[in-house]
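Here is a short briefing on selected packing and pairing features. Please read it alongside the sequence and the structure shown below.

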Amino acid sequence: MSPESGPAPADRAPETTALSSPGLEAAWAHPVLRRLLHAWRHLQHLDQRRPRLLDTAVVLAVTIATLPDLLSSGGGSAPFGVTDARDSFPGFVPYVLAAALILPLWWRRRAPATVFFTIAAVSLVQGLMGVWMAAGGSALVALYTLALHGSLRALGWAVLVAITQVVLAAGVLVPVERWVLAVFFLLGTVVAATALGLMLRIRRMYLSALEDRARRLEIERGQRVRLAAAAERSRVAREMHDIIGHNLSVMVSLADGAATLATNRGEQSAQALRILGDTGRQAMSELRRVLGVLREGPGDTQMLSPQPAIRDLDALLARVRAAGLTVTYRTVGDLDALGSGVQLTVYRIVQEALTNTIKHAGAGSAAEVTVTVDAGRVRIRITDNGAPHTDAARQPRADDPGNGLVGIRERAALYGGTVTIGPCEGRTGWVVDVDLDARGIAPRRAPDDSAS
């Protein structure tokens, strides 16, 4: 294996494999193997810092292996029982052939296909000249590099060229005595070089896929954590808003009324009651600021008045009518008996539905608002005569952070409600139909005459 094969599992193997087999754990703990793995890691780090250094080392290693063949006097005895014909050529020819076979290896990782086919062409010339040299092994190095780094299509042609050269060199260009042994050995080296390169290539791709999957899983886990935290913050903010804020506003109203009554009667508790009302208003302001941080939305941190109720729908509808929308409002049942949280929910649903109507249906349209209370259930129905082409734009959006039509569904879910939002049947326009379950919700109690 070569350090150029990509990220090595040297520092991972003892962890991942040892978990599955005690025998392998003992093998990884062997001192000799530990030293080899340590040297492997250092070689990898060196190759990452200085990639050209390994290419130079490969060139030098092949050159050193070729020197004895070049420096031998006279015609050397070629493998497989034949004597090569280098004595028939000038003395510098073997050196030129060796240089042409070895030097391209320095560029093998930058242009693996070009390097291999260049070396294959020089090897063909060498075979035509009847010369055998150890430098011919550079073709195997180039084939291995092509299998590891190059195009698979180019690799297929390279293997075909290598097999053709082996058959030609051993059986036609340079006849040998042991032809079967020569072809078997040379084809074995070609298969081994290709298989080793492909094995390391697959291993590198597998490790890369594992690392990419680990990164994506880590990112997805972080996203899930952030989404869960945001959803929880929004839920907590909504519950605090609908419960604590509403009840606190009622307490402030009662404290102000009691302070006025105590002042009229000349009681000493009037000042304490005023302080209690001011403290409640300050607490509501601080609560809104905290909720603004929890919601992570704009416009939640300013000073606000106590939360609205059903009685404030008249003022809301007056503002909507001033915006150019004709609104018809009708109620059925005792709405004042509803709890403050339910009343706020009704108000917000009507407000958000009419805001959606103004945004998409436009001025000059007409809307009808009906609020019905019957046997502990509250039904809010808002219809308009908006144009059909606006229907697609008015669909609820999942990226709406708790406002608009998505906010209607979330508020209704707090009271086990059902929501129907969509185009009106049989005519143009849009309908928002919400059915809330107010049973079990504490009714709103009217203040006593003595405290008002």
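Helix α12, residues 340–360, lies across β4, β5 and β7 in this predicted model. The helix runs at about 10° to β5.

- β3, β4, β5, β7 and β6 form an open sheet of 5 strands, in the order β3-β4-β5-β7-β6.
- Pairing within the sheet is mixed.
- β3 (326–332) and β6 (418–423) are the edge strands. Each has a single partner strand, so one side of each is left without a neighbour in the sheet.
- On average, neighbouring strands are turned by 5° against each other, direction ignored.

**Strand pairs**
- β4 (residues 366–374) and β5 (residues 377–384) run antiparallel and are joined by 8 bridges.
- V369 has I382 in β5 as its bridge partner.
- β6 and β7 are also paired, in the antiparallel sense, over 6 bridges.
- T418 stands opposite D435 of β7.
- The β6 and β7 strands make a hairpin, with 6 residues between them. In its turn, G426 has a positive phi of about 85°.
- β7 itself spans 430–437 and is one of the strands that α12 lies across.

**Helices α6 and α7**
- α6 (residues 112–129) packs with α7 (residues 138–149) at an angle of about 155°. Their axes are 9 Å apart.
- Angles over 145 degrees count as roughly antiparallel, so α6 is roughly antiparallel to α7.
- The α6 and α7 crossing is left-handed.
- From α6, the contact uses P112, A113, V115, F116, I119 and S123.
- From α7, the contact uses S138, A139, A142, L143, T145, L146 and H149.
- By type, the contact residues of α6 with α7 divide into 9 nonpolar, 4 polar and no charged.

**L101**
- L101 sits in helix α5, which covers residues 92–102.
- Is L101 buried or exposed? Its relative accessible area is 0%. Buried means under 20%, so L101 counts as buried.
- Leaving aside residues up to four places away in sequence, L101 touches I119, V122, S123, Q126, M133, A135, G136 and S138.
- L101 and I119 are 18 residues apart along the chain, and their C-alpha atoms are separated by 5.4 Å.

Conventions. Residues are numbered from 1 along each chain as its sequence is written. This is a predicted model: local features need pLDDT of at least 70, side-chain atom pairs count only at pLDDT 80 or more; totals for chains, interfaces and linings use all residues. Side-chain values use heavy atoms; hydrogens and water are left out. Axes are lines fitted to C-alpha atoms, for helices over the stretch in contact, and angles run from 0 to 180 degrees between N-to-C directions. Helices (H or I, at least four residues) and strands (E, at least two) are DSSP runs, numbered from the N terminus. Angles under 35 degrees count as roughly parallel, over 145 as roughly antiparallel, 65 to 115 as roughly perpendicular and the rest as oblique. A crossing is left-handed if the near helix is turned anticlockwise from the far one by less than a right angle, and right-handed if clockwise. Contact means heavy atoms within 4.5 Å. Ala, Val, Leu, Ile, Met, Phe, Trp, Tyr, Cys and Pro count as nonpolar, Asp, Glu, Lys and Arg as charged, and the others, Gly among them, as polar. Two strands pair if DSSP finds at least two bridges between them. Buried means under 20% relative accessible area, exposed over 50%, partly exposed in between (1.4 Å probe, protein chains only).
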